[in-house]
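I am opening these notes to record what I looked up, entry by entry, for someone who has not seen this structure before.

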Amino acid sequence: MNLQIRIWISNVVLFVVPILIAIILFLLYFTGLRILANAGYYLRIEQEQQFKSVSRITETITFYGLENNLIDSLVKPSYSLLDPKEVYVEVLDQGNMVYSYGNPQIYSASAIVGLIDVNPELQGIVYQSNNTFVYEMRKYDGRHAYVYHIAIKRATHGSDSLMESVSFYIIIVSILLFIVTFFAINRFVTRFIMIHVKNMTKSLELANRQIEMEQEQQKELLAGISHDIRTPLTAIKAYAEGVRDGIAPTEEQQKRYMGIILKRANDLDSMLEELFLITTLNYKKESRPSERIELGQYVRDFVEDHIAPYQSRGLEIKARIATEAAFINANPQLLQRVLQNVLNNSAKYKMADLGHCIIDVTSDDDFVYCVISDDGPGVPPESLERLMRPFYRVDSSRTNPQEGSGLGLSIIRRIMEIFEGRVVIENVRPHGLRIILEFPKQGEES
């Protein structure tokens, strides 16, 4: 969920939740008044201003209820807060009674003693008759000719103080609840947004660390390139000068010198080729499309095609396929490069005239594994984690650039990242090295 969506949700929460809480508090307050009224503690009118406010509210509620068929659910519950013995309400439409509540004697006995208010716009008057407040209003809307009367006896005693006290405490509790809810919502919204901000910060920190690691690797790569290219170039230069200066006067010596120059040039060409590959792998993934490959059959074909060349180099290779229909997504050329780089290392660093290497293919529910094990010298445990760094070599037998570029395992790691897999390297007892290539498993074709 991105930050924009979180802010949008937070704004909705800040706007909607307070409104819902206000509605709930009003309903609770109204319900509390209903409970008090049912217990005999009705709302009582003592002052003219109270009556004017109540009459305006009840008029609005009454006509809204009539127009929307809400008599039972809105109008009646509202009037039930008033004592039916001390109030009378009636609504006439063209002389016909459409709604009434309370004691009609209260209105029948009323007479104008003093006007309280006259509102020509609403066609209404409010007046006092002895101890009774009366409001009269006429309303025309084309279809209806309403007459609205409400008469309420003025309270001179009763239980209104209890109702007012309870109402006061209900209002105080409601306000406190509203304040607490507001702060709770504010805290929730803040934390809701800050979670995303913290995640973004953590992602940026990880990205920065990744960039720093890549920069360090680039520095190591450049340093390794400078060192390893200089060695064959120095040899080429030295032997070429020897031929030029006549140090190799005989044809046989000149051929030997030229052979050494050619070998160093080939080493340099091989190193540049691998260097080009590892750098282009970082930005040319899309130019090397993956295919659906059945890894077991692929390894069988690879071993059959390469068994003779590696045999001539003193390495015997063998395939053991323990699973069928082990499908992966991979680029065939890059996958071949991975297998060749592993076997080339096994051939270079074998301990006997004839080395052995076994390629196992297994799988489980989620992954397909290609495990390549040899009987070479292995590597010290402390070097396992650094083995796939560019130009890293373990011991004196591997520090000679003539034996390889030092980029083979780095290329393997990068290619496996492109395949969305991973590489694990471990020693084999009593000696040897095992390289585990882990690929995400693809389902069988339907």
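Entry one, a cavity lining. I began with the residues around the second largest cavity, and I noted that its lining divides into 6 nonpolar, no polar and 4 charged residues. I then looked up the names, and found the lining to consist of Leu43, Arg44, Ile45, Leu82, Asp83, Glu86, Val87, Ile152, Lys153 and Ala155. The space in this second largest cavity is about 60 Å³, and the count of cavities of 30 Å³ or more comes to 2. I keep in mind throughout that this is a predicted model.

Entry two, the protein overall. I wrote down 9 helices and 13 strands for the secondary structure. Of the 446 residues in the protein, 39% are buried.

In which order do the strands of the open sheet stand? I read the order as β8-β10-β11-β13-β12, which makes 5 strands with mixed pairing. The edges are held by β8 (315–321) and β12 (422–427), each of which pairs on one side only. Neighbouring strands of this sheet are turned against each other by 15° on average, with direction ignored. As a reminder to myself, strands of a sheet pair through backbone hydrogen bonds, either parallel or antiparallel.

Strand β10 (residues 355–363) pairs with strand β11 (residues 367–374) in the antiparallel sense, over 7 bridges. A hairpin of 3 residues joins β10 to β11. Looking along this pair, I saw that Val361 stands opposite Cys370 in β11, and that Ser363 stands opposite Val368 in β11.

Entry five, the helices on the sheet. Which strands does helix α7 touch where it packs on the sheet? I found that α7 (residues 295–312) touches β8, β10, β11 and β13 (433–440), and that its direction makes about 165° with that of β8. Helix α8 (residues 332–348) also packs on the sheet, where it touches β8, β10, β11 and β13, and the direction of α8 makes about 25° with that of β11.

Definitions and conventions:
Residues are numbered from 1 along each chain as its sequence is written. This is a predicted model: local features need pLDDT of at least 70, side-chain atom pairs count only at pLDDT 80 or more; totals for chains, interfaces and linings use all residues. Side-chain values use heavy atoms; hydrogens and water are left out. Two strands pair if DSSP finds at least two bridges between them. Helices (H or I, at least four residues) and strands (E, at least two) are DSSP runs, numbered from the N terminus. Axes are lines fitted to C-alpha atoms, for helices over the stretch in contact, and angles run from 0 to 180 degrees between N-to-C directions. Contact means heavy atoms within 4.5 Å. On a 1 Å grid over the protein atoms alone, a cavity is a set of points where a 1.4 Å probe fits but cannot get out, and a pocket is an open set with protein on both sides within 12 Å along at least five of seven lines; lining residues have an atom within 4 Å of a point. Grid points are joined across faces, edges and corners, and a volume is the space filled by probe spheres set on the points. Ala, Val, Leu, Ile, Met, Phe, Trp, Tyr, Cys and Pro count as nonpolar, Asp, Glu, Lys and Arg as charged, and the others, Gly among them, as polar. Buried means under 20% relative accessible area, exposed over 50%, partly exposed in between (1.4 Å probe, protein chains only).
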